[in-house]
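Open the structure in your viewer and keep the selection panel at hand. The tour goes from the whole chain to single side chains.

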Amino acid sequence: MGFAFAYRLILVVAVASVLGISLANKDWGSPNSNYTGWGWGWGWGSSKSNHTGQGFNNHPVNETQGPKKIIVGGSENWHFGFNYSDWAFNNAPFYFNDTLVFKYDPPSNTTFPHSVYLFPDRWSYLNCDLKRAKMVANATQGGGDGFEFVLKRWTPYYFACGERNGFHCKVGSMRFMVMPLFRWHY
């Protein structure tokens with residue numbers, strides 16, 4: 001019974017966090033307002049507002065954009081020895097209908113094969129339990145333009161490389177999770 005309560009509490013905190021982050025990205029000013037930032041002394045037409053469509057810190061006001069194609073790992077692509085958890089953290093937020101592109105070299109005499117697995121839950125992800133994971137891209141699908149995965153649901157996505165019996169996942173570098181957020185239209 002205590003475990004069920006703790007699980008529900010964690011779920012509520014996670015949902016509240018995601019919702020809070022999503023709402024923090026929204027510009028709350030009215031269309032005729034010069035509101036550009038939070039805090040006292042600027043915004044809502046204040047003389048300290050810079051009136052450029054950017055916030056007080058020169059951060060652009062969140063303009064709703066369409067889905068993006070994001071190359072996993074950026075210029076590093078999908079390979080052994082790169083920390084993808086750090087990459088995901090530094091490149092967040094990710095939004096609904098964004099496409100993650102996994103690019104990796106097909107197997108050869110000089111390169112190890114890679115793949116992409118999707119885990120059903122955090123526990124199997126943390127334990128690199130490939131028996132419960134689903135292969136979404138095999139060793140040859142990352143070549144060329146790469147394998148594309150669209151974030152279509154509001155749920156955490158847990159990705160890892162499943163090659164070498166999960167060794168690439170287990171050493172901690174070829175795995176990451178993302179939680180897509182809502183795009184706010186106003």
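**The whole chain**

Start with everything shown as a cartoon, and keep in mind that this is a predicted model. The protein chain has 4 helices and 7 strands. Followed along the sequence, their order is α-β-α-β-β-α-β-β-β-α-β. Of its 186 residues, 34% count as buried. Take the contacts between residues at least 6 apart in sequence: 64% of them join residues at least 24 apart.

**The largest nonpolar core**

In soluble globular proteins, nonpolar side chains tend to be buried together. Select Trp78, Leu100, Phe102, Phe149, Phe159, Phe176 and Val178; within the largest nonpolar core, which has 23 residues, these touch the most other members. Now colour the elements that give two or more residues to this core: helix 2 (84–91) and strands 2 (99–102), 3 (116–119), 4 (134–137), 5 (147–150), 6 (157–160) and 7 (175–178). Which element gives the most to this core? It is helix 2, with 3 residues.

Stay with phenylalanine 102 and show what surrounds it. Beyond its neighbours within four places in sequence, phenylalanine 102 is in contact with Val72, Trp78, Val116, Gly142, Gly146, Phe147, Phe149, Phe159 and Phe176. Then select Tyr117, Tyr125, Leu130 and Ala133, which are among the 9 residues of a second, separate core.

**Histidine 114**

Move to the loop between strand 2 and strand 3, where histidine 114 lies. Is this residue, histidine 114, buried or exposed? With a relative accessible area of 7%, histidine 114 is buried, since the cut-off for buried is under 20%.

**A patch on the surface**

Select Phe80, Phe167 and Val171, which make a nonpolar surface patch of about 260 Å². Phenylalanine 167 sits in helix 4 (residues 163–170). Its relative accessibility is 41%, so phenylalanine 167 counts as partly exposed.

**Salt bridges**

The last stop covers the 3 salt bridges of the structure. Show lysine 69 and glutamate 148, whose side chains meet at 2.7 Å, N to O. This pair links distant parts of the chain, 79 residues apart, with lysine 69 in strand 1 (residues 69–71) and glutamate 148 in strand 5. Lysine 69 is exposed at 59% relative accessible area, while glutamate 148 is partly exposed at 38%.

Next, select aspartate 98 and arginine 183, which form a salt bridge of 2.7 Å, N to O. Aspartate 98 is in the loop between helix 2 and strand 2 and arginine 183 in the segment after strand 7, so the pair ties together parts 85 residues apart in sequence. Both aspartate 98 and arginine 183 are buried.

Finish with arginine 132 and aspartate 121, a salt bridge whose closest N and O atoms are 2.9 Å apart. Arginine 132 lies in the loop between helix 3 (122–126) and strand 4, and aspartate 121 in the loop between strand 3 and helix 3, so parts 11 residues apart in sequence are tied together. Arginine 132 is partly exposed at 44% relative accessible area, and aspartate 121 is partly exposed at 22%.

Notes:
Residues are numbered from 1 along each chain as its sequence is written. This is a predicted model: local features need pLDDT of at least 70, side-chain atom pairs count only at pLDDT 80 or more; totals for chains, interfaces and linings use all residues. Side-chain values use heavy atoms; hydrogens and water are left out. A nonpolar core is a set of buried Ala, Val, Leu, Ile, Met, Phe, Trp, Tyr and Cys residues joined through side-chain atoms within 4.5 Å. Buried means under 20% relative accessible area, exposed over 50%, partly exposed in between (1.4 Å probe, protein chains only). Contact means heavy atoms within 4.5 Å. Patches are made of residues with over 30% relative accessible area and no salt bridge: like charges are joined within 9 Å, nonpolar side chains (Val, Leu, Ile, Met, Phe, Trp, Tyr) within 5 Å. Accessible areas come from the Shrake-Rupley method with a 1.4 Å probe; for residues, only the protein chains shown count as cover. A salt bridge is a side-chain nitrogen of Lys or Arg within 4 Å of a carboxyl oxygen of Asp or Glu.
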